[in-house]
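Look over the structure first.

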Amino acid sequence: MNIFSNLLNLFSIQKKQQAIQLGATAVLLLIFSASAIAQNSGVLATTDDSLRGSITAERGWWDVVYYNLNVTIQPEDSSITGYNNITYRVTKEPKRMQIDLQDPLNIDQIKQNGQTLDYNRAKNSYAYMVDMPDNLKRDSLYTISVYYQGKPKVAENAPWDGGFVWAQDSLGNHWIATANQGLGASVWWPNKDHQSAEPDSMSINITVPDEIKNVSNGRLRDTTQHDNGMTTWHWFVSNPINNYNIAVNAGNYVNFKDTYEGKNGKLDLSYWVLEHNLEKAKEQFQQVKPMMQCFEDWFGPYPFYEDSFKLVETPHLGMEHQSAVAYGNGYQNGYKGTDLSGSGWGLKWDFIIIHEAGHEWWGNNITTNDVADMWIHEGFTSYSESIYTECQFGKDAAGEYTRGLRDRIQNKEPITGKYGLNNEGSGDMYYKAHNMLHMIRQIVDNDSTWKNILRGIQKEFRHQIVTADQIERYIIEQSGKDLDDVFDQYVHYADIPTFQYYIKNDVLFYRWKADVDHFDMPLKVTLTDGSYTFIYPSSDRWKRSNLSLENTNDFKIDKDFYVNTDSVSAR
């Protein structure tokens with residue numbers, strides 16, 4: 001999405017305007033305009049936000065094809081040195097190239113085909129603008145090399161506050177990790193730092209002291225031991241991958257392996273844990289196979305068979321690093337030993353294993369173009385916790401778990417952010433979107449259809465960059481249900497709809513109160529004793545249905561519908 005479209009999105013909840021090509025001067029002017037408008041909209045945006053969150057002219061003419069990342073880590077002084085060979089395809093008329101790298105790291109040199117290229121840093125930004133050679137041809141591949149060094153930002157509270165984690169395990173060994181979702185991968189390596197910019201494959205070569213091992217994404221191809229007491233660990237990812245998923249995990253690890261016979265054949269399972277936690281890991285990680293069985297049944301095949309599935313113990317709580325899921329939940333069930341739902345069901349399984357692995361389907365296999373649509377990642381993944389609960393303990397248990405999360409929803413801000421400004425929606429994107437999806441399942445009213453929709457999303461958009469609108473359209477088309485108002489209200493507004501009703505002379509009178517004009521959404525209620533029936537309220541007018549209840553005080557609204565209720569005085 002270009003800058004002009006981003007400005008339009010600040011005035012409207014309608015998404016994804018058509019791209020308009022702008023010159024470099026116009027881009028800079030619009031950046032400042034976007035910042036000003038965003039502030040008036042309640043979003044404190046900076047030049048960095050605009051450069052990071054949008055496809056600028058300096059980003060729009062080239063696509064990333066392949067990264068060859070090489071980084072040497074020195075834990076003694078918390079520094080790194082390295083270079084990234086970026087293979088790219090020219091898709092439009094070349095301009096300057098935007099490469100992102102955050103303070104306090106510095107780029108030392110940029111080269112292409114042996115030629116040193118000039119560059120400068122955009123004002124008040126971590127975007128570097130590179131002067132490219134004149135002879136670049138459209139549809140051709142080139143490789144640019146970016147050399148850099150410094151002491152990367154230290155994560156004070158990973159994974160929420162991202163950067164490098166320089167820790168020690170309980171035995172005093174170095175224990176190092178990266179976590180940078182939201183903050184951006186450019187906090188520790190130079191790249192095209194936009195969520196839509198996924199390479200087709202990637203080589204990750206991390207050099208660490210001999211006494212620790214590094215585990216990154218994909219499969220380990222080789223190790224190279226050097227004379228200076230350092231070893232390089234060569235990992236290769238053969239599938240498209242998000243920048244923020246690329247990870248360093250270095251520690252006193254031991255590795256144990258298993259296999260899972262899945263829908264696409266044998267899936268290699270590999271676990272890297274601190275040596276003194278080996279036995280605990282062997283016990284706790286038995287949850288992986290039933291998780292795989294459940295998710296493959298509901299969502300389709302694990303998306304990255306070629307790269308295997310790994311759990312890696314980390315000094316932070318966890319993160320959905322593709323094919324190398326970070327695990328730091330202390331080998332206990334629940335979320336750090338607690339049940340987020342308060343229902344009791346959340347203590348029956350390890351939250352980090354289930355949630356972060358769920359992201360392999362929702363976030364890694366399908367990835368949103370803009371972080372404003374992150375509810376697709378987090379909402380569907382949160383919902384996968386309910387699916388796993390259903391697989392293990394039944395549908396009623398899953399419903400109880402889902403409803404128990406409602407107390408954590410604030411409904412103060414929309415779960416959709418501002419487009420083009422590196423702006424996510426509110427934290428309600430987890431539990432509110434989860435409950436919305438659970439409710440849509442009730443509206444679809446056919447579990448076979450609902451399961452096929454979830455599988456279909458994964459198949460239709462496999463390894464693709466998507467918009468929320470695409471996912472919404474797919475659900476609407478495949479379900480045959482008119483869900484436009486549902487998505488609009490729950491995704492674009494802070495509040496949820498209120499079902500207003502009163503009962504008079506055994507007649508139920510009802511309507512919706514909502515932000516969306518002419519809001520329509522079906523609802524299940526008890527018109528007769530012992531069963532729920534669909535009614536079709538509207539916000540336009542009061543409707544009525546006859547009741548056949550022995551006692552009208554027994555009138556109920558299906559608790560799996562996430563709505564407010566208001567019993568008003570009879571009219």
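Which residues does W375 touch, not counting residues up to four places away in sequence? They are F380, I415, T416, M429, A433, M436, A468, E472, F487 and V491, with contact meaning heavy atoms within 4.5 Å.

This is a predicted model, where local features need pLDDT of at least 70, side-chain atom pairs count only at pLDDT 80 or more, and totals for chains, interfaces and linings use all residues. Residues are numbered from 1 along each chain as its sequence is written, and side-chain values use heavy atoms, leaving out hydrogens and water.

**Nonpolar cores**
- A nonpolar core is a set of buried Ala, Val, Leu, Ile, Met, Phe, Trp, Tyr and Cys residues joined through side-chain atoms within 4.5 Å.
- Buried means under 20% relative accessible area, with a 1.4 Å probe and protein chains only.
- The largest core has 92 residues, and W375, F380 and W450 are among those with the most contacts inside it.
- Helix α10, residues 431–444, gives the most to this core: eight residues.
- Another core, of 51 residues, lies apart from it and includes W61, I80, I110 and I176.

**Helix α10**
- Helices are DSSP runs (H or I, at least four residues), numbered from the N terminus.
- In α10, 14 of 14 residues are buried.
- α10 reaches 20 Å from its first C-alpha to its last, close to the 20 Å expected at 1.5 Å a residue.
- D445 follows α10, and its phi is positive, near 60°.

Conventions: Buried means under 20% relative accessible area, exposed over 50%, partly exposed in between (1.4 Å probe, protein chains only). Helices (H or I, at least four residues) and strands (E, at least two) are DSSP runs, numbered from the N terminus. The expected span of a helix is 1.5 Å times one less than its number of residues.
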